[in-house]
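Subject: Structure for your review

Dear colleague,

Please find the structure below, followed by notes on what was found in it.

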Amino acid sequence: MEDSRRPTVLFIKWVAMLVVVALSYTGLLYYIVINGKDNYLAATFNKMKLLENTLSPKMVLVGGSNIAFGLDSTKTRQAFGLPVVNMGLHSGLGLKFMLDQVKPYINKNDIVVIVPEYSQYVGDSFYGDEALLEVVMITKDWSALGYIPALKIPNIALRLNRIIFSYYNEHVNSDSIYSRNSFNSDGDLTAHLALPNVKFSIDYKALPADINQKAIRYLYNFIATNADHGITTLILYPCLARSYYHRQAATIAKIAGAFSNNGIHVLSSAQDFVYDDDLFFNTHYHLNAQGRSLHTEKTIQALKVALMDRTLAPTSTSAQNLNK
Amino acid sequence: MSFNSAQYFIFLPVVFLVFYFTADRYRWVVLLVASYGFYASFNAPYLLAVLLMVTGISYTCGLRIAAKQDETIRKRWLWIGSFACLTILALFKYLPFFESQANRTFGLSSTLSSTIISIGVSYFTFQAISYLVDIYLEIEESECHFGHFALYLAFFPKLSQGPIERAGDLLPQLKQPYRFDYDAMRSGMLLFTWGLFKKVVVADRLALYADQVYNNVHNYTGLSLIIGTYAYALQIYFDFAGYTDMARGTGRMFGINLTENFNSPYSATSVADFWRRWHISFSRWILDYIFKPLQMAWRNWGQAGPAAALIVTFLVCGIWHGATWGFVIWGLLHGIYLASSTSYRPYQKRLHKWLGVEKSPWLKWWQMFVTFNLVSFAWVFFRSKSLGDAWYVISSWFHGVKGLRSDLILSQGRQNILLLLACITLFVLAAIRPQVAERFNSLFNGTSRWLFYYLFVMLILICGLFGKAEFIYGRF
C-alpha cells in the first residue's frame, strides 16, 4: 500500500516545495524591486509625469538608454524652440512597449523622434525582457506583462535574480549612476557627465542575424498612424562605439536594408552616429560628456534637415498596402 | 532548449508524467518523441534529419554486419557505415574550414557555416560507430527493434553532450520495464539540482573572469592572465561536469543509469590519470577505437609504437574539437605529455626513491599541482581566440599585474568573488576530505532534508546566472 502511494506522495511533496520556492522567490524579488525607491527603472514614473504634463507641440525622444545618456535635451529645445521630453531609459523595455507608452500622450504637431538600439530590430528584444518585467513590478501595471511572449517570462524571471544577488552592492553600498535621481528635468541622464570613462568590453553577445519583420511593420504602422493625426515621426540610428560597429556591420546593414525594403526612411546613415570608443562612458551605447555634446549637434542637424521635408513620412494608406 | 533554461524545467516534469502514466510497451515511444522534440527545440530542423540519417545508416549496417558470415562482407558493411557516419560528422565539424577555403580559393563570400549548428552530432555519431564496431567484433548483438535503436542514439538527456554510451550499457536499460523507485527518483532529482548548481552558480560565474581576460588578453598581464587561465580550467570542468550530472540525474528519473563522465579530474596525479577521470566516456571511446587499433598496428615499433599511437590519438582528439590550430596544439600537447610519460616513468620512480619521497604524502600533492598546471597550460590553447593570443598569454604570465584589481577582480562585484571562493573551497574540501562530502550529503538525507532542499534551490535561484551561457561542450 505504502509503495503504491510513494510516487504520489513524492510528487505532491515536490510540487508543494516548488510552489513554496516560487512564492519565496517572487516575494523576495517583488520586495526588493518595490522597495528600491531610487531604482533606475523607477525613473519611468518621472518620465511619464513629464510626458503627461508637457503641452503640445513638443518633441518626444523614444528609445533606450542610448538617448538617456547621449542626448542633451536643453540644446535640442533651444534648437527647435519646442519642449523636449527624453523618454529614453532602457532597451530592455522593448520598442513595442516604448511606442505604446507614448502613444496616448502625443498630439497634433508633436514631433516623435525614435532612436532604438539595433537589438530592437532583430531577434525578440522588441517585446522586452527583464527591464520590462521590473517596470511591471514597479508600476504594478500588470497588463504590460502581455508585451512579453508567455514562453519568455519564466526565463526572464530567472534572469531577474541579479537584482537580489547584487542587492547589497546597488542599494546598501550605492554610488551608482543607475539611479532614479540621475536624470535632469528633461529626462536626460546627467550623473555620468562629470565622471571619467569606465573601461568596458565590446565583447557583448553578437546581434541575432534574423530581422524581426513584425518590429519593422509595427514601427511603420506607428509612423503612418501618427502621420494621419498630424504628428511627425522621425527615425534615427543610435550612437555606437566604432569597434562594436565594425563587429556588427553586417547585421546593421541588414537592418538598414529591412527599413529600405519596408519603406521606412531613416535620417542619415548608421555610420554617421558611429564614434570613437573613447567617447563612450561605460558601454558601446552610452556616450560620455564629450560624445554627448558631439552627438547632440549631429542629431540636431539631422533633425533640422528632415523637418524641412516632411513628405517622407508614410501614411495609413501606404501602411495598409504594406500589411497586405 | 538548454538544461539550465526554464523551458527544460517545464519540459522534464511534463515528459516524466506522460512517461509515468503510459503503459510499459509504449514508454519507448514517449521517450523517443520527447527526444526528437528536445532536439527540434534547437530550431535547426536539419539536425533532426541528420540524426535520422545516422540512425538509419547505423541500424541498417548493424543488421547487415550481424546477418553475414563472410568476413569480407562484414568488414565492408562496417566500413560503409563508419565512413558514412564520419563523413556526416566531418561535414558538420569542418564546414567553417571548408567554407573559408572555398571563399579564399574561389573568391566567394559564403556565410553558410555561421548559421549552422552541430549540437549533439559528434556524440550520436560516435555512439553509432561504436555500435557498428562492437557488432563487428561480436561484442554486442545487433538491435532489431528500430524504435529501441533510435532511442539509443537519441535519448534526450545524453543527446547534446553525451555521455557517449555503449550499446551494451544503454540498450538493455531502455528495454527494461520501468518501476518507480523512490530512492532513484530522489537521487536523480538531487543529482540534477547539483549539476545545475555547478553550471549556473559556479561555472557561469567563473566564466565572467575567464571571458573577460580571454576576450581581451592584451588588456592584462601576469597574475591577471594566470587567474583568467585558472578560472577557465575550473569553468570548463564545472560546466561539463554540471551538464553530466544533470544528464545522469534526468536519466535516473526514467530508470536509466548513464555513465559517470568525471571523477575529480583535477585531483589526478598524472596526465594519464587525468584522462582516466576526465570525460571518461570519450576517453574510453578514443582508447578503444583509435588508440588500441593504432597500438596494434605499430606493435613492432617497440617503445615508439605506443608513444606514436598516443600522439596520433590525441591529435585526432584535438582536431575533433574543431579545425583550428589551438585545438590541434591542445591535443598535441596532451599526446606529448602522455607519450613522454611512457619513457620517463621508470626514471621518475627511481628519482622518487633516491630523494626518499616515494611514501611522502607531499608527493601526491606535488604531482596533483604539476598535473593541474600542465592541463591548465594546455587549456590556454584551447580557450584562446588565436595562436597569437595564446602566445601572448604564455609569454606575459610573469610580467606584472596589469588590470588585476580594478578591472578583473572587482569588476564583477565583491559578492561574486566571495561566492566563488566559498564554492571552490567547499569542492576542494569535499575532494580531499571525504568526511566533508559525507557531512554535506547527510544534510539532504536527514530529518530536515526538505528544509535543505528548499535552501539549496533558493541558493541556485538567487546566485545562479541564467540565460548567460550555453554549455561549452555543446558546440563540440
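Leaving aside residues up to four places away in sequence, A:Tyr40 touches A:Ser65, A:Ala68, A:Phe69, A:Leu89, A:His90, A:Tyr178, A:Ser179, A:Arg180, A:Phe183 and A:Leu189, where contact means heavy atoms within 4.5 Å. This is a predicted model, in which local features need pLDDT of at least 70 and side-chain atom pairs count only at pLDDT 80 or more, while totals for chains, interfaces and linings use all residues. Residues are numbered from 1 along each chain as its sequence is written, chains are lettered from A and ligands numbered from 1 in the order in which they are written, and side-chain values use heavy atoms, with hydrogens and water left out.

A:Tyr40 lies in the loop between α1 (2–35) and α2 (43–53) of chain A, the helices being DSSP runs of H or I with at least four residues and strands runs of E with at least two, numbered from the N terminus. Because its relative accessibility is 6%, A:Tyr40 counts as buried, that is, under 20% relative accessible area with a 1.4 Å probe and protein chains only. From C-alpha to C-alpha, A:Tyr40 and A:Ala206 are 25 Å apart in space, and they are 166 residues apart in sequence.

A search of the whole structure also finds three cavities of 30 Å³ or more, a cavity being a set of points, on a 1 Å grid over the protein atoms alone, where a 1.4 Å probe fits but cannot get out, with lining residues having an atom within 4 Å of a point. The lining of the second largest cavity includes A:Leu89, and its largest share, three residues, comes from α5(A).

Best regards

Terms used. 1 Å grid on protein atoms, 1.4 Å probe; cavity = no way out; pocket = protein on both sides within 12 Å on 5 of 7 lines; lining within 4 Å. Points joined across faces, edges and corners; volume = space filled by probe spheres on them. Buried < 20%, exposed > 50% of the residue type's maximum accessible area, 1.4 Å probe, protein only.
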